[in-house]
Amino acid sequence: MVSYVNIALYGVGGLVVAGFSLLIAFQEKLVYVPVLPGLTKSYALTPSRLRLSYEDVWLRSSDGVRLHAWFIKLFPHCRGPTILFFQENAGNIAHRLEMVRIMLEQLKCNVFMLSYRGYGASDGYPSQHGITKDAQAALDHLSQRTDIDTSRIVVFGRSLGGAVGAVVTKNNPDKVAALILENTFTSILDMAGVLLPFLKWFIGGSSSKGPKLLNFVVRSPWSTIDVVGEIKQPILFLSGLQDEMVPPAHMQMLYAKAAARNNRCRFVDFPTGMHMDTWLNGGDHYWRTIQQFFEQHVPEKKNENDIGAR
């Protein structure tokens with residue numbers, strides 16, 4: 001009997017060790033998915049297919065990686081807010097174009113869409129350290145433009161993009177007017193236990209009660225919960241209550257952490273919103289919520305001479 005128990009224990013132990021080994025070796029492929037199954041890394045379409053006026057922008061991150069972006073303008077001298085959009089972890093910016101088309105119509109804004117390193121036409125390989133540099137390069141580019149109102153740059157991040165956006169917003173209180181987070185996780189450390197439940201006993205974020213013995217093996221922790229409480233700018237939290245990827249409780253925890261120190265936070269949930277389609281299922285209420293946030297925190301300047309000045 002004992003021998004069978006030992007065999008069983010060894011078997012379980014072997015599976016655990018194998019699981020951890022795979023996690024360590026392939027974690028970037030789990031966090032970053034530039035190419036969706038059955039598709040190629042290249043863009044399936046460009047903004048011109050949707051009759052959007054755009055500019056191809058090529059940037060260099062501070063470590064020399066060549067990056068690509070699309071700057072889509074409502075019209076040449078649009079005075080509206082400029083949204084710096086950071087996408088989710090899978091696919092590329094072309095897969096978000098239909099949403100951006102509606103965003104321009106509804107919000108009367110410009111949208112800057114960055115391809116993280118390793119995504120779309122950008123060079124390099126994705127990592128937390130690298131993508132943080134990419135986001136800074138994109139913001140620096142926007143803040144130096146003379147054809148937009150640089151006092152109305154709003155960072156918008158969904159899922160992984162929310163983690164990226166939170167960092168760049170915290171680091172740039174003089175360049176970012178406001179932040180929008182949609183269906184964002186508290187940290188990759190916490191998400192490990194969501195996707196693979198047995199990991200919650202070994203890996204977890206600052207809100208986790210586990211021993212966190214293996215946190216050190218996670219190379220891209222993206223601990224948004226530890227960043228959001230340091231952000232001084234207004235923050236709008238958009239949460240889809242049917243999110244099948246990130247538990248909606250993560251958004252509630254992010255809001256609670258931010259609101260404890262920042263009285264310019266607003267939380268809005270959408271009962272039928274899922275991880276990727278909250279903007280679609282939210283309908284007019286979704287866009288009105290963002291528009292009201294803009295009107296309150298990034299209003300249009302009345303004096304044209306103020307454009308570009310902060």
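Good morning. A residue counts as buried when its relative accessible area is under 20%, as exposed when it is over 50%, and as partly exposed in between.

Let me begin with confidence. The chain has a mean pLDDT of 88, with 85% of its residues at 70 or more. Where pLDDT is low, the predicted coordinates should not be read in detail.

I now turn to the rings. The structure contains nine aromatic pairs. One of them joins phenylalanine 71 to phenylalanine 112; this pair is tilted, with 5.8 Å between centres and 50° between planes. Phenylalanine 71 belongs to strand β2 and phenylalanine 112 to strand β4, 41 residues apart. Are these two residues buried or exposed? Phenylalanine 71 is buried, at 1% relative accessible area, and phenylalanine 112 is buried too, at 0%.

A further tilted pair consists of tyrosine 255 and phenylalanine 267, at 5.5 Å centre to centre and 55° between the planes. Tyrosine 255 is in helix α7 and phenylalanine 267 in strand β8, so the pair ties together parts twelve residues apart in sequence. Tyrosine 255 has a relative accessibility of 27% and is therefore partly exposed. Phenylalanine 267, at 23%, is likewise partly exposed.

Finally, two other arrangements involve rings. Tyr43, Tyr54 and Trp70 are linked by ring pairs into a cluster. Arginine 66 lies over the face of tryptophan 58, 3.9 Å from the ring centre. Thank you.

Note on methods
Residues are numbered from 1 along each chain as its sequence is written. This is a predicted model: local features need pLDDT of at least 70, side-chain atom pairs count only at pLDDT 80 or more; totals for chains, interfaces and linings use all residues. Side-chain values use heavy atoms; hydrogens and water are left out. pLDDT is the predictor's confidence in each residue, from 0 to 100. Rings of Phe, Tyr and Trp (its six-membered ring) pair if their centres lie within 6.5 Å; planes under 30 degrees apart count as stacked, over 60 as edge-to-face and the rest as tilted. Helices (H or I, at least four residues) and strands (E, at least two) are DSSP runs, numbered from the N terminus. Buried means under 20% relative accessible area, exposed over 50%, partly exposed in between (1.4 Å probe, protein chains only). A charge sits over a ring if NZ of Lys or CZ of Arg is within 6 Å of the ring centre and within 35 degrees of the ring normal.
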